[in-house]
Amino acid sequence: MEKPFVPVAFVEEIPIGQFRKVDVDGRSVIVARTANGVFAVEDLCSHEDYPLSYGCLDGDRIKCSLHGSRFNLATGEPLEEPATAPIATYRIEIADGRIWLDPTVPDKRS
Ligand code: FES
């Protein structure tokens, strides 16, 4: 895998239905594995900047444990209030059994 992608975990280290919090250039990122693939999103709820890593996965969504908003892991879009803004998503590639992440700071919430 060529730059800008960097390895963040082996695929087998993250069971389906679970996520891992990784540090990427000083930023906390959630790398989640679901039945539909691997996703990476910022570890920050768009509602009150609460860590999403305190929450849990719900299929292809991550649920904030503070007020319950869920976000689509693929798009970052919130699925219900109180959050109304999306969270940032990161590009992922799978190669050689590893999860590679593009650490380029993604477009922030629109
Ligand atoms: S801080 Fe996440 S829903 Fe309120």
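How many helices and how many strands are there in the protein? The protein has zero helices and 10 strands, where helices (H or I, at least four residues) and strands (E, at least two) are DSSP runs numbered from the N terminus. The model is predicted: local features need pLDDT of at least 70, side-chain atom pairs count only at pLDDT 80 or more, and totals for chains, interfaces and linings use all residues. Residues are numbered from 1 along each chain as its sequence is written, and side-chain values use heavy atoms, with hydrogens and water left out.

Read from the N terminus, the order of elements is β-β-β-β-β-β-β-β-β-β. An unreviewed UniProt entry carries the annotation "domain: Rieske" for residues 6–101; such annotations may be inferred rather than shown by experiment, and their positions are given in the numbering used here, with feature names shortened. Over residues 6–101, the chain is 47% strand and 0% helix, and the end C-alpha atoms lie 5 Å apart.

The overall dimensions come next. The radius of gyration, taken over C-alpha atoms, is compared with a globule rule of 2.2 Å times the number of residues to the power 0.38. For 110 residues a compact globule would have a value near 13 Å, and the protein agrees, with 13 Å. Along the principal axes, the C-alpha atoms fill a box of roughly 40 × 25 × 20 Å. Of the 110 residues, 41% count as buried, that is, under 20% relative accessible area, with exposed meaning over 50% and partly exposed in between (1.4 Å probe, protein chains only).

One part of the fold is an open sheet of three strands in the order S5-S6-S7, with antiparallel pairing; two strands pair if DSSP finds at least two bridges between them. Its edge strands, S5 (56–58) and S7 (70–72), each pair on one side only. Strand S6 (residues 61–63) is joined to S7 by three bridges, and Ile62 has Phe71 in S7 as its bridge partner.

In the loop between S7 and strand S8 (89–90) stands Pro82, which is joined to Glu81 by a cis peptide bond with omega of about 15 degrees. Asp49, in the loop between strand S4 (37–42) and S5, has a positive phi near 50 degrees although it is not glycine. Asp49 counts as partly exposed because its relative accessibility is 47%. Asp96 lies in the loop between strand S9 (92–95) and strand S10 (98–101) and has a positive phi near 55 degrees; with a relative accessible area of 68%, Asp96 is exposed.
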